[in-house]
Each structure stands twice: as C-alpha cells, then as structure tokens.
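The sequence and structure are shown below.

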Amino acid sequence: MTRFSLALSAMAFSLTATASHAADCAYNAESPFDLEQSEIDVLYDCVKDAMAEGYAKQGDATGSEYRSWTVTATSAAVQGAHSKRALLTFANDIAAEQYLKFEEEGVVMPVGSVLAKESVSFSKKKKQARPGPLFIMTKVAAGEAPETDDWVYGGLQPNGKPMKFKQAFCHDCHAAWEDQDFLAYPVEEVRVGN
C-alpha cells in the first residue's frame, strides 16, 4: 500500500468515525428544554469523553484536573443559563463542602474555591449534541477583583483554548444570585443529595 493510499484510508476512517459520532449524538426534540432527563444522559455520555479530552488539550490545569473534583449533580441538566446548554458542575476540594449545601442566603465561598461547569451544546440546525465550553469561576482574596465581587471568570473552548470575554459579561448575570455569593446551582432534580 502506498503512502497516498494509507493517507486516504486514514482520512476516510476519520470521516466515518466523525459521522458515526455525530449520528450517535443526534436528538429529535425541538428544543433542549423538551428533552427528557434520560435523553440528556445519553447525549452527555456521547460527548463526555470528547469534552474532557478537548478541555485538557492545551494543558490548562483546571481543564486537565476538574474531572477528579467533586461532581455536584447526578446528571447534566438543561437550565436556561449559558444559552440552553446542558450543564454539569464540578467543585474543587476547597469549594465542595460549602457549595454542596446549596444554601440560598448568606453564602460565603472560601478563597481558592474553583468551580468548573461542563456544557453540552445543542445544534438546532443539525439536531446534534456536541461539547460546549468549560466555564470556570475562581474565588480570590477580598479586594483582588472588587468589580466582580472577588470572583474571576474564565472558560475553555472545546479545543482547550482560553475563551476571551470581559469579566462583567459573566458577573452581570451572576449578580442575580448575590445572596448565594453569586453562585447558581444545578436544578433541584439533579443536585447531589436530592
């Protein structure tokens, strides 16, 4: 077999694998909000390995380690925040104890808390689930980021490259949860402990 035919075979296999993966991650609902939890679970399972591999691709510490942290829900769920994506949040050791209380008032997260929120995006046109960004929140010392109430927001694209956005873009939305130290929680049906 020549190098050219080997290259063609490899490319054909890659395209077949990609098409097969896309077909496996297909859904039929009009909106992600119409998906049953069991359907979301299947779609999450379809993309979860690609998410973890992609977020770690550029060597970011959070993107490489977050899966070893505490998972805060029994399943990914569509919540409405983050553009109709299915979300699953992981908390580092510093954040886990306080976050898992899911308190609605008087919450103060310890400095060094890091939350990483996986997201599954749903292509409306192609009716396929695919990895979305990994959203990251880090609690810093008082006064280090006063314009965002000492939270630093970040994110990784599905290929592991850092997302670029203004801090206010995230914090303006999180301001709705001021009593919860600007944290949104997983929907009640999937919270760990429920």
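Is Y27 buried or exposed? In this predicted model, Y27 has a relative accessible area of 5%. Buried residues are those under 20%, so Y27 is buried.

## Aromatic pairs

Six aromatic pairs are found in a search of the whole structure. One of them joins Y27 and F122 in an edge-to-face arrangement, with 5.4 Å centre to centre and 85 degrees between the planes. Because Y27 lies in the loop between α1 (3-24) and α2 while F122 belongs to strand β4, this pair ties together parts that are 95 residues apart in sequence. F122 also counts as buried, at 13% relative accessibility.

Y99 and F102 form a pair with ring centres 5.8 Å apart; their planes stand at 70 degrees, so this pair is edge-to-face. Both Y99 and F102 are buried.

## Nonpolar cores

The largest nonpolar core comprises 29 residues, and L35, Y44, Y66, A86, V120, F122 and L134 have the most contacts inside it. At least two residues of this core are supplied by each of α2 (37-56), β2 (77-78), β3 (86-91), β4 (114-123) and β6 (134-139). Helix α2 contributes the largest share, seven residues.

With residues up to four places away in sequence left out, L35 touches Y27, A29, I40, L43 and F122. A second, separate core has 15 residues, including A91, A95, A96 and F102.

## The largest pocket

The largest pocket holds about 450 Å³ of space. Its lining consists of 24 residues, among which H82, F135, C170, C173 and H174 lie nearest the centre of the pocket. Two or more lining residues come from each of α4 (81-84), β4, β6, β7 (151-156) and α6 (167-174).

Helix α6 gives the most to this lining, with four residues. The lining of the largest pocket divides by class into 16 nonpolar, six polar and two charged residues.

## The second largest pocket

The volume of the second largest pocket is about 150 Å³. Y27 and F122 belong to its lining, together with A29, E30, S31, P32, S83, K84, R85, S121, K124 and K127. The elements that each provide two or more of these residues are α4 and β4.

By class, the lining of the second largest pocket has four nonpolar, three polar and five charged residues.

How values were computed. Residues are numbered from 1 along each chain as its sequence is written. This is a predicted model: local features need pLDDT of at least 70, side-chain atom pairs count only at pLDDT 80 or more; totals for chains, interfaces and linings use all residues. Side-chain values use heavy atoms; hydrogens and water are left out. A nonpolar core is a set of buried Ala, Val, Leu, Ile, Met, Phe, Trp, Tyr and Cys residues joined through side-chain atoms within 4.5 Å. Buried means under 20% relative accessible area, exposed over 50%, partly exposed in between (1.4 Å probe, protein chains only). Contact means heavy atoms within 4.5 Å. On a 1 Å grid over the protein atoms alone, a cavity is a set of points where a 1.4 Å probe fits but cannot get out, and a pocket is an open set with protein on both sides within 12 Å along at least five of seven lines; lining residues have an atom within 4 Å of a point. Grid points are joined across faces, edges and corners, and a volume is the space filled by probe spheres set on the points. Ala, Val, Leu, Ile, Met, Phe, Trp, Tyr, Cys and Pro count as nonpolar, Asp, Glu, Lys and Arg as charged, and the others, Gly among them, as polar. Rings of Phe, Tyr and Trp (its six-membered ring) pair if their centres lie within 6.5 Å; planes under 30 degrees apart count as stacked, over 60 as edge-to-face and the rest as tilted.
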